[in-house]
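User: I'm new to this structure and would like to learn how to read it. Could you take me through it one feature at a time?

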Amino acid sequence: MRAPRNEATGTSGESEVLAQFERLGWGGLIDSRHDTGTDLYLRPRDARRFELGVVMGVQVKTGPSHFTAPKRDAQGDISGWWFAEDNRNHFDYWLRHALPHLLILRDQNKEKSFWVHVTPERVVSTGKGAKIFVPASQTVDVDHNQALSEVALTQLETSSWEGTAWTGAVNLSSGDEIRYALITPRLIAPHPNLGPRSITGLEALAMQVLLRTELERTLAPKNNDRLIPGFDDQWQGLSLDEAGESEDWCWRATAALHLRLYNGETTAMTRLTQNAPSPSERAASVILACTVHFEENDPDAALQILNDALQHDDYSPVDHAWLETHRARALLETGRHEEAFDLAMRAQRIHREAPHDLTGTAISGACASTSFRAAGWLKGDIANIIQGSDNPVSWWRAQLMSYGLANHLSEEFRAWTETGQPRTQGSGTAHRRLMSAALLASLAGDHEGWRGATGSLAEMLLIANDPTSSPQAVSDQLTLLRLSGDSRGVSSATHHVALAGPPVAARLAAGRVDLSRSTRTSALADLELLTAAGDTLEEDFADEVCTWALATLSNPEEYLVRTRPTFAVTYKIIYLLRSMLWSMSDASVHRVIEYFLNQPAVSDGPTAETFARLIRAIPETVWTDDERRRAAERRGDAPYLREAYLRVAVRAAKESREELHRRARAGELIILEAVDDVRTLSTDAVAALVERLSDVVHTDIRNAAIGFRTSGGLDAGRALTMLNVWHPSTARWDAVESLLSDPNLAPEDCLGTLEVLAVHGSGLSSTVKKRLLERLAPLREGKVLIGDLEHDDARSLAAEAFAALTDDLTRKKLVRELLGGDALHRSAGARVIERFGGPSDADLLLVLAGDANETVRNPALAGLAAVAVAGHASAPALTLLRWHLQSGGKRSASAIASRLPRNSTSPTISELLKTAARHPSARVRSAARSNARR
């Protein structure tokens, strides 16, 4: 019997379509027994040929008769075809079916198959029947393999985990349990209120990830009983040694993780991969080792073990995606953004392929974050990262952090109510919860989550320190903050530690920075920490950093490729060099000078100002005559940089001195940037500058009256006051009086003037003092509003200036008033005592040197140093001075060292100078050494 022609066409079309899917790696079969509207049943697989656990139905329509209703676009090209049936039965069958269905139009001549997912919104009623549009762009091929898989995966439902307690993960395979213990430990670990008679290694591992205290106590080496408090007293846990030697991989991993979290030992963690019997244990071992490498700022090592691990192809789909997520994380940290993006986007599909797997959802969310960061500035998919991170695992981790921070706040509040000072070291509960949150984020591959939790933990620990804290502990905390990538926080914290103490901690933390290994996360934080600690660096280390900095300025390509910085690298490196100038050897400083002298003329304003700040910071005595002459020969530099070089050159080049005085006589105010000492200026030059500065002050006053203010630039009030002090014959005090009394000016417009008067005002004539005192009284008493607000700093500075201009009796009364005020006023009182006090004030200075606020303490220490020079310091005062010179921050040590004369013959002063010469701050050491090079 002869078969109909259309039967051959139809069956051959179905076979060809099935073959196309098989070439994509799918499984499938032809349903030849029933003609119900489904020709093929297809099973998609992932790229590694793992079944995705879903089936999709397909109806194939073969032959030219199905391409007779084309739709054309505006250019006349065919964009697809309408497939219509007069009877809706097939459409209703496909729409009601439990499996998603494709309609495929097969063109045998072109050997192409065009598909559409049959959904209610795509089916269009024709009145009598229905139709659906099949796009010409949707073909069965490799390019559309993912889209076809997505259709099949629509039948999978995600699990609901809202309200899940510690009994949520049931019926897990042995291959999934370990991953759940590490990413969602709350679903594996026994509930704290449900004391079991025993726990398994898997449960112990989950408890360790959560840093549960009962497990900590049972693993403690000194705990002989090893009973878990709160658990059944008949159960005895394993000791740390027993766990480490257990045949159960989970117990070994628990012991290794315990050593890392509590002892900082990482060897056992990195060795777990050597004896991981199953693929799931091998994957978990690699992930645990990766968390160590990421915390050590070594993504290269993480990438290496991940690449080695992925040589095995026996992982489950979720475990494989887990490893790939961490590989994308490592690629991103080492500057391989494009590879990281592609890999993260591929791995992110795991939430579609295994929507029932909660850990897969967490892994997918981490991939969304990685792909967003890898996409570049303002290019990432905001919707993708929001959707990806909105999952139960991230909620639970956020809850853990929230509980930890809330607990810390409660402890701080309790300390405040008891002592008035929130000075806790952070409760154990808060510490553990933040550590656990950081670990959980890292295990999931969520680098941004790890950064946030780690930074919060470091900040919590740092705020409890003071100058007497352990330098090593503070160094560890600074390092933790740096590795989290909190560049702003680590800059502020390191500055504080270097200035207020313990300064050795800043040096130790800086010594752990390796700029050649900076990553995308740590790059800016590395530079900021070194910059903040620059004055405390050891000379050899500072020279090494200088070598790196100059090499990177000359050829930044390697650094830029690895770190992909979003900051101005050149500026940051110049700030770093400037901060280290006093720590470097003379040879390195000369290399810095040589580098900048060899640069072409700088015409860009911001760059010129940045360069100028570095040139002005170079110690004056380091410059050689040849370097000064070369500085004089530079031409074409923008303002500020030109003046910075001129300031250096005036000592060696007659032409530079002539240029300086000529421009000063012309009233160029910017020339003041080149003046090291205004006393060296000629009378005619001073007269011109004073006239010009007076005009600027009066102009600023007029502008302030109409609400206009010019920000930045030269402090005209300070410069004018300084010239008036040292050149009384050309002084214009009327402008200074107007500046001090005008109510429309902002506080910073008069602060410079007040500082100059506070330091030099006592040397003015009685007539000038009287005129200025009349202007200062309202400021000092707070009756004049500056910038529409009472400005405490202006009031305290006005009091200091008032003290310099008034008589001894009034000054003593003023000091008593100041010492009864707030910290700013007490600090002003301490400075007044330092400048004008005598031996009888030594006890008062000693009391002020113990003030809790260092703005009060430091001027008091300076005053005590002056008392010591005069030979009137008591034994307690000398003990206090020695301690601050040895262990205090840069500010307190500088306040003391600056008052000690280098040529003193006093044994007491010589001893203090020797102590200061060993201070971590290079500036303090330099100030203390009588034969200092600078």
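User: Let's begin with strands. How many bridges join E4 to strand E5?

Analyst: A quick word first: this is a predicted model, where local features need pLDDT of at least 70, side-chain atom pairs count only at pLDDT 80 or more, and totals for chains, interfaces and linings use all residues. Residues are numbered from 1 along each chain as its sequence is written, and side-chain values use heavy atoms, with hydrogens and water left out. Now the general idea: helices (H or I, at least four residues) and strands (E, at least two) are DSSP runs, numbered from the N terminus, and two strands pair if DSSP finds at least two bridges between them. Here, E4 and strand E5 (residues 78-85) are joined by three bridges and run antiparallel. Take Arg-72: its bridge partner in E5 is Ile-78.

User: What is the order of the strands in the open sheet of four?

Analyst: The order is E4-E5-E9-E8, and the pairing is antiparallel. Strand E4 (70-72) and strand E8 (124-125) are the edges; each has a single partner strand, so one side of each has no neighbour in the sheet.

User: Which helix lies across E5 and strand E9?

Analyst: For angles like this, axes are lines fitted to C-alpha atoms, for helices over the stretch in contact, and the angles run from 0 to 180 degrees between N-to-C directions. Contact means heavy atoms within 4.5 Å. In this model, helix H2 (residues 89-96) lies across E5 and strand E9 (130-135), and H2 runs at about 105° to E5.

User: Which strands pair with E2?

Analyst: Strand E1 (residues 27-30) pairs with E2 in the antiparallel sense over four bridges. E2 is also joined by three bridges to strand E3 (residues 56-62), again running antiparallel.

User: How many aromatic pairs does the structure hold, and how do I read one?

Analyst: A pair of aromatic rings is described by the distance of the centres and the angle of the planes. Rings of Phe, Tyr and Trp (its six-membered ring) pair if their centres lie within 6.5 Å; planes under 30 degrees apart count as stacked, over 60 as edge-to-face and the rest as tilted. The structure holds 10 such pairs. In one of them, the rings of Phe-67 and Phe-114 have centres 6.1 Å apart and planes at 75°, so this pair is edge-to-face. Phe-67 sits in the loop between E3 and E4 and Phe-114 in strand E7 (residues 112-117), so the pair ties together parts 47 residues apart in sequence. Phe-67 is buried at 15% relative accessible area, and Phe-114 is buried at 6%. Trp-81 and Phe-114 form a tilted pair, 4.8 Å centre to centre with 55° between the planes. That pair links strand E5, which holds Trp-81, to strand E7, which holds Phe-114, 33 residues apart. Phe-67, Trp-81 and Phe-114 form one aromatic cluster.

User: How many disulfides are there?

Analyst: A disulfide is a pair of cysteine sulfur atoms within 2.5 Å. By that rule the count is zero. As for individual cysteines, Cys-367 is buried at 0% relative accessibility, and Cys-546 is buried with a relative accessible area of 0%.

User: What does Thr-753 touch?

Analyst: Thr-753 is in helix H35 (residues 748-760) and is buried, at 0% relative accessibility. Leaving aside neighbours within four places in sequence, the contacts of Thr-753 include Gly-717, Arg-718 and Val-736.

User: And where does Arg-373 lie?

Analyst: Arg-373 lies in helix H15 (residues 358-374). Arg-373 counts as buried, at 9% relative accessibility. Not counting residues up to four places away in sequence, Arg-373 touches several residues, among them Glu-333, Glu-448 and Arg-520.

Notes:
Buried means under 20% relative accessible area, exposed over 50%, partly exposed in between (1.4 Å probe, protein chains only).
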